[in-house]
Amino acid sequence: MIPFLFSIYIFSVGLQLFFILFVFAKVNRHESPIHEEITSEGVSVIVCAWNELENLKELIPLLDEQDYPNFEVIIMDDRSWDGTHEYLMKECSAFQQVRFIQIEKTPAHLSAKKYALTLGIKSAKYDVILLTDADCRPQSKEWIKGMAECLLPEKQIVLGFSPYYTERSFLNKLIRYETFITALQYFSLAIKGQPYMGVGRNLMYRKSLFLENKGFAKHTNIVGGDDDLFMNDVATAENTTVCLNPDTFMYSVPKRTWEAWYRQKTRHLSVSKYYRFENKLILGSLASTQIFSWILLFVLIPFTLETVLLYAVLGVFALRLIAQWIVFAKANQRFDNIFKSATLPLWDFIFTLYFLMMGVNNLIPRKKKMRWK
């Protein structure tokens, strides 16, 4: 039994090492592509909002003052009752680049956000669409410019980065580390030529791409997936690029209660079952081999204490940990140090428990609800 478990352990740690050294490390070597000449192609920024009055008061001025020669901002006011419509009616005229569309009713069988996004994209003046959310804040006035510079003539999609603000709580630390791992995975695989998702808080693609693929038609009745499922459908090695220019980072307000975070995570994870098979295989392999690496480490140590096998058990795990520490710490610097690199081993273990918990949770059937967030 021990030789069999040891073989599983070596395979798991070995696969983890492969991804760390030959996939995740690509983020550290990536240079965001830039047009040889500064582009002035028009950009339509779309923000969907449902009862986001206070956030819009902060976000709209930041978007309006973006340093880019040719853009518009479309606020999709989706049935808000918190005074959003009154605010937009009164204040929008003060902003040169901003206009809004009010949605009074959403078809019962459609996801509200996808419906709002579809209307916004169809009404966009320009072919280049840049998405963000009402609770996001651009890192600089160069956000639009930096993202547009990455949209080379042969590309149709730019994946941007959206970290969360730092707060003093364990939940916030967990959210930020999970954001780091997710970004590391989808950026590195996109750089490798296997894009599979994007984050709607900072995502650019062409309107023509959206219309040619009939938008969200394949998954209109699925609650989430307005960003990752659409990317999973249309993103390819040829049409997708990654933007890691710090000026383009779009910070977001994190969930502040465990209930809100749990609801968000279960929705996100439930969407992943609609990914392409190869994407599910890669992500499933990453999660399962991390779980096996940690669990079998603790299982094998007591049975190999007085044997030479103990050195192999500890040695390969130490090799994985050191390689991970080096690669992840450097990637963390590129991602604006969203967690403390010194705490990586602890978070790697905590995230193993997270994978276990969410994996079991995802097997539990739930009634679908057309929630916004």
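Residue S252 touches D135, C136, S162, P163, Y164, Y165 and R201, when residues up to four places away in sequence are not counted; a contact here means heavy atoms within 4.5 Å. The structure is a predicted model, in which local features need pLDDT of at least 70, side-chain atom pairs count only at pLDDT 80 or more, and totals for chains, interfaces and linings use all residues. Residues are numbered from 1 along each chain as its sequence is written, and side-chain values use heavy atoms, with hydrogens and water left out.

S252 belongs to strand β9 (residues 250–252). Helices (H or I, at least four residues) and strands (E, at least two) are DSSP runs, numbered from the N terminus. The relative accessible area of S252 is 1%, so this residue is buried. Buried means under 20% relative accessible area, exposed means over 50%, and partly exposed lies in between, with a 1.4 Å probe and protein chains only. One of the contacts of S252 is R201. These two residues are 51 residues apart in sequence, and their C-alpha atoms are 7.8 Å apart in space.

N202 is placed in the loop between α7 (170–192) and β7 (203–206). N202 counts as buried because its relative accessibility is 0%. A polar atom of the N202 side chain lies 2.8 Å from the backbone oxygen of T248. For reference, a polar contact is a pair of N or O atoms within 3.5 Å; within protein, one must be able to donate a hydrogen and the other to accept it, and residues adjacent in sequence count only if both atoms are side-chain atoms. With neighbours within four places in sequence left aside, the contacts of N202 are L130, L131, W143, M147, L159, G160, F161, S162, T248, F249 and M250. S162 is also among the residues touched by S252.

I101 is part of strand β3 (residues 98–103). Its relative accessibility is 22%, and I101 therefore counts as partly exposed. Apart from neighbours within four places in sequence, I101 is in contact with I74, I75, M76, D77 and S123. I101 and I75 are separated by 26 residues in sequence, while the distance from C-alpha to C-alpha is 6.3 Å.

Helix packing was examined next. Two packed helices are described by the angle between their axes and the distance between the axes. Axes are lines fitted to C-alpha atoms, for helices over the stretch in contact, and angles run from 0 to 180 degrees between N-to-C directions. Angles under 35 degrees count as roughly parallel, over 145 as roughly antiparallel, 65 to 115 as roughly perpendicular and the rest as oblique.

The axes of α1 (residues 2–24) and α12 (residues 309–334) cross at roughly 20° and come within 10 Å. The two helices are therefore roughly parallel to each other. The crossing of α1 past α12 is left-handed; a crossing is left-handed if the near helix is turned anticlockwise from the far one by less than a right angle, and right-handed if clockwise. On the α1 side, the contact includes I2, F6, Y9 and I10, and on the α12 side it includes L309, A312, V313 and V316. By class, the residues of this contact are 18 nonpolar, two polar and one charged. Ala, Val, Leu, Ile, Met, Phe, Trp, Tyr, Cys and Pro count as nonpolar, Asp, Glu, Lys and Arg as charged, and the others, Gly among them, as polar.

Helix α12 also packs with α11 (residues 277–303), at an angle of about 150° and with the axes 10 Å apart. α11 is therefore roughly antiparallel to α12. The crossing of α11 past α12 is left-handed. In this contact, Q290, S293, W294, L297, L300 and I301 of α11 meet L310, V313, L314, F317 and R320 of α12. Eight of the residues are nonpolar, two are polar and one is charged.

For α3 (residues 53–64) and α4 (residues 84–91), the axes come within 9 Å and cross at roughly 25°. This angle makes α3 roughly parallel to α4. Their crossing is right-handed. The contact joins L53, L56, K57 and I60 in α3 to T84, Y87 and L88 in α4, with five nonpolar, one polar and one charged residues.

In the loop between α12 and α13 (344–362) lies D336, a residue other than glycine with a positive phi near 70°. D336 is partly exposed, with a relative accessible area of 33%. N337 lies in the loop between α12 and α13 and has a positive phi near 50°. N337 counts as partly exposed because its relative accessibility is 48%.
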